[in-house]
Each structure stands twice: as structure tokens, then as C-alpha cells.
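Dear colleague,

Please find the structure below, handed over for your use. My notes on it follow directly after.

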Amino acid sequence: MREIKFRAQALYGHGEWVFGHLSRKWDNWFITDDDGTATLIDIDSAGQFTGLKDRNDQDIYENDLVTHEEDGETWGASQVVFENGMFCFNGDYPNYLALYEDLEVIGTIQETPHLLNGFKD
């Protein structure tokens, strides 16, 4: 069973990434870490852990930008999204993310959108 956890940018400070459990209180969203520290977040930056790791052993989250290899060819950046109950590349439903080989996280849609080369939906 995969671990259920989220990542988002802190709303205050320098936009650091925080990891943990997602919760809402009234109109505010929080990530609470394993120590119980709750951080107010920018909900638009929130992404759920896919349960997968890339070739560098880095966790892959929703809204990550990922390259992959297919039939020996390296493909450019694609955004990881959750669509119709599964994690896949944006515009690539129904091809489940785990079907791809040699995934590598190269950024996030929030910090490095230019890596999509204008192909974001």
C-alpha cells in the first residue's frame, strides 16, 4: 500500500516546500508534518505523493515535471496530474504513470513551468 502524503509551498516565508498530511480549517489549508507542526500553505501548489520514485530515488508528486524514457528515447518534460482516479501525464490519460520507465523529476509546475516548452494544457 502506498503512503498517503502531500507536498505544498508554505504561504509565508520564502515559499519553502513542506511535506505531510493535508487538512483544511475554514478557508485555510495546512500541511502537518510528522512532528505535528501545521504550516499554512498555498493550496494551488499542493500535490499528492504518487507512490512512485524516480531513477534518483526522489519521490514523485502531483504537479512535478518529469522526463521519461520509452523505447530507448528520452521524452521531454510532462506534468504529473491526477485524472480519473489515477496518476498520469497531463493529456496522456489513460496511460498510468507507473507504465513508464526511467522517470526523472526535473522540476515543478510552480517553480519551473518554462520546462514544459509551452505544452501545458
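Glu101 has its place in strand β10, which covers residues 101–108; helices (H or I, at least four residues) and strands (E, at least two) are DSSP runs, numbered from the N terminus. This is a predicted model, in which local features need pLDDT of at least 70 and side-chain atom pairs count only at pLDDT 80 or more, while totals for chains, interfaces and linings use all residues. Residues are numbered from 1 along each chain as its sequence is written, and side-chain values use heavy atoms, with hydrogens and water left out.

Surface charge

Glu101 counts as exposed because its relative accessibility is 59%. The classes used here are buried for under 20% relative accessible area, exposed for over 50%, and partly exposed in between, with a 1.4 Å probe and protein chains only. The areas themselves come from the Shrake-Rupley method with a 1.4 Å probe, and for residues only the protein chains shown count as cover.

Together with Glu70, Asp71 and Glu73, Glu101 forms a negative surface patch. Patches are made of residues with over 30% relative accessible area and no salt bridge, where like charges are joined within 9 Å and nonpolar side chains (Val, Leu, Ile, Met, Phe, Trp, Tyr) within 5 Å. Lys and Arg count as positive and Asp and Glu as negative, whereas His and the chain ends are not counted. The place of a charge is taken as NZ of Lys, CZ of Arg, CG of Asp or CD of Glu.

Strand β7 and its partners

Strand β7 spans residues 64–70 and is mostly covered, with 5 of its 7 residues buried. On one account, β7 pairs with β10 in the antiparallel sense over 5 bridges; two strands pair if DSSP finds at least two bridges between them. In this pairing Thr67 stands opposite Glu104 of β10.

Strand β7 is also joined by 5 bridges to strand β8 (residues 73–83), and these two run antiparallel. Here Val66 stands opposite Ser78 of β8. The hairpin of β7 and β8 has 2 residues between the strands, and in it Asp71 takes a positive phi near 55°. Asp71 is also one of the residues of the negative patch.

Thr74 has its place in strand β8 and is exposed, because its relative accessible area is 52%. Thr74 and Glu101 are 27 residues apart in sequence, and their C-alpha atoms are 9.9 Å apart in space.

Salt bridges

How many salt bridges does a search of the whole structure find? The search finds 7, a salt bridge being a side-chain nitrogen of Lys or Arg within 4 Å of a carboxyl oxygen of Asp or Glu.

One of them joins the side chains of Arg55 and Asp102, at 2.8 Å from N to O. This pair links distant parts of the chain, 47 residues apart: Arg55 is in the loop between β5 (47–53) and β6 (59–61), and Asp102 is in strand β10. Arg55 counts as partly exposed because its relative accessibility is 44%, and Asp102 is likewise partly exposed, at 31%. Elsewhere, salt bridges that share partners join Glu3, Lys5, Lys53 and Asp59 into one network.

Glu3 is partly exposed at 48% relative accessibility, whereas Lys5 is buried, with a relative accessible area of 16%. Asp59 forms a salt bridge with Lys53, and their closest N and O atoms are 2.5 Å apart. Asp59 counts as buried at 16% relative accessibility, while Lys53 counts as partly exposed at 45%.

Loops

Asp57 is found in the loop between β5 and β6, and Asn63 in the loop between β6 and β7. Is each of them buried or exposed? Asp57 is exposed because its relative accessible area is 56%, whereas Asn63 is buried, with a value of 11%.

Finally, Thr37 lies in the loop between β3 (28–32) and β4 (38–40). Thr37 is partly exposed, with a relative accessible area of 44%. The C-alpha atoms of Thr37 and Gly20 are separated by 9.5 Å, and the two residues are 17 apart along the chain.

With kind regards
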